[in-house]
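Please work through the exercises below with the sequence and the model open beside you, and try each task before reading its solution.

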Amino acid sequence: MSKEITSREQDYSQWYNDLVIKGGLADYSAVRGCMVIKPHGYALWENMRDQMDRMFKETGHQNAYFPLFVPKSFLEKEEGHAEGFAKECAVVTHYRLKADTTSKGKLIVDPEAKLEEELIIRPTSEAIIWNTYKDWIQSYRDLPILINQWANVVRWEMRTRLFLRTAEFLWQEGHTAHATKEEAVEEAEKMLEVYATFAEQYMALPVIRGLKTESERFAGAEDTYCIEALMQDGKALQAGTSHFLGQNFAKAFDVKFLNKDNQQEYVWATSWGTSTRLIGALVMAHSDDDGLILPPKIAPLQVVIVPISNKDAEAQKKINDKAQQLIKELKAANVSVKFDDNDSNRPGWKFAEYEMKGVPVRIALGARDIENNVAEVVRRDTKAKNSVSLDGLTNYILNLLNEIQEAMFNKAKAYQEQHTTKVDSWDEFEKTLDEKAGFVYAHWDGTAETEEAIKEKTKATIRCIPLNAEQENGKCILTGKPSKQRVLFARAY
RNA sequence: CGGGAGGUAGUUCAGCCCGGUAGAAUACGUGGUUUGGGACCACGGGGUCGCAGGUUCGAAUCCUGUCCUCCCGACCA
């Protein structure tokens, strides 16, 4: 990342937008606040989705699908939930258009076709799902219900940004119902760990696991667990959340079950979600000025082979034959590989193009290499070039992909550690945020007022109260009141 | 909703101050030469200058209105 970019927020925004657009992930669309996810970006999402889906299934969940439309009255039922989302809902009021008799070729909303009850385009699905669970649950034998849905949701945000905050986005949302509080809490914590594992092992993105403060909690939740990641501009990004919903939705939708003692009880609930925002996290955490750098485990394309064309037909044939053989071997080893022999672009153009797209490994093959029985192998993360023997090249590539995956995580981890600071005074706190940015661990007196005052003064928020953190007596940096544990502060997206 | 910058070719933009034939780069098409870090030559297609009024012999350019986009704030479980 260039120095100029760190210095100004606007430049960083520009840098990020360029990476997303030139990296071929997505583009702005004709619809305000919505983006077009292009094939490269969608393939990346599919890889992430498939991996997470496997992990959900391994933890006993099943997929299902619920309606896009939520009747307004459903959304109203859980008060906190309704308030939290009311300001950003798209609303369907009519079901028909008709020709405008005063203006040829134009359509108007048919006033005759007004819906009796407005439909809200889901900003999240708790309401419609709990309305359904009511019919599914009678006895403790019906529990737990462990369901996940892959879907799109709409939140009418005032300001949007590619992947990070779009009006419509793709996500998964898990919704579970349990017989006991303990089981529900365990579920929420288990899914947080699934997210953290996915982020760290697949996205090469180190995260901090924690609990949100009351003011940052999900609308309708008792507790919100989250994973927080650090971006290269020193700002934090919430990368996934898992909520313990208590009995709030069960009470709102009257979902009771008969327990073993033949007594009616409200069901305990969780919900958890991650979205295409993770792609934004990936871009901001790993990329450099030459483009995206994608972790091998989720990169849509892991290896690209660029032939260095040659006028000599025989030499050219040798290059192509060798490339085909390589492709066969790599594919057999489950590596996704592309041979770009498109003649309309020269090698240099291709090098730059695949760097922009973040392909982890590039192999260049020219007549000179064939003569020496080698290939030029370049890794995207460090740009290191190596001349590698063609014998055993497939094994070399397999090892290299693993090495890149690991190196990317280590680099991001080191960055996070370097940009994590413990502070004990207000001056130190402000100075760190302004001059160093990143995560800041500090003591807080536990009140919402102090949290708000700190946000007001510095724009920094409490990202989370870290889980399993050491207990330590200290004084709140703002009020000086006693505190037992440091919390994680940062300026955030 | 406040502050700022913009809307001209598919894209990025120049031209506007000082009114007079609609421009560049890039992308695209055809042909050729090329190919080890974003090639070159030739020819070609492509724009009612955001929209609506006004001033003028004449408006991308000046005036008024209006719509939209982007960035920064506000907002954002």
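**Exercise 1: the surface near the RNA**

By class, the surface near RNA strand B is made up of 17 charged, 13 nonpolar and 8 polar residues. Here a residue is near a strand if its C-beta atom, placed from the backbone, lies within 6 Å of it; Asp, Glu, Lys and Arg count as charged, Ala, Val, Leu, Ile, Met, Phe, Trp, Tyr, Cys and Pro as nonpolar, and the others, Gly among them, as polar. The model is predicted, so local features need pLDDT of at least 70 and side-chain atom pairs count only at pLDDT 80 or more, whereas totals for chains, interfaces and linings use all residues. Residues are numbered from 1 along each chain as its sequence is written, and chains are lettered from A and ligands numbered from 1 in the order in which they are written.

Task: find which element gives the largest share of this surface near RNA strand B.

Solution. Begin with the 38 residues that surround RNA strand B, of which Met-158, Gly-348, Ala-352, Gly-366 and Arg-368 are the closest. Next, list the elements that give two or more residues: helices H2 (9-22), H11 (347-357) and H12 (367-372), and strand E20 (374-379). The largest share, 8 residues, comes from H11.

How values were computed. Helix = DSSP H or I, 4+ residues; strand = E, 2+ residues; numbered from the N terminus.
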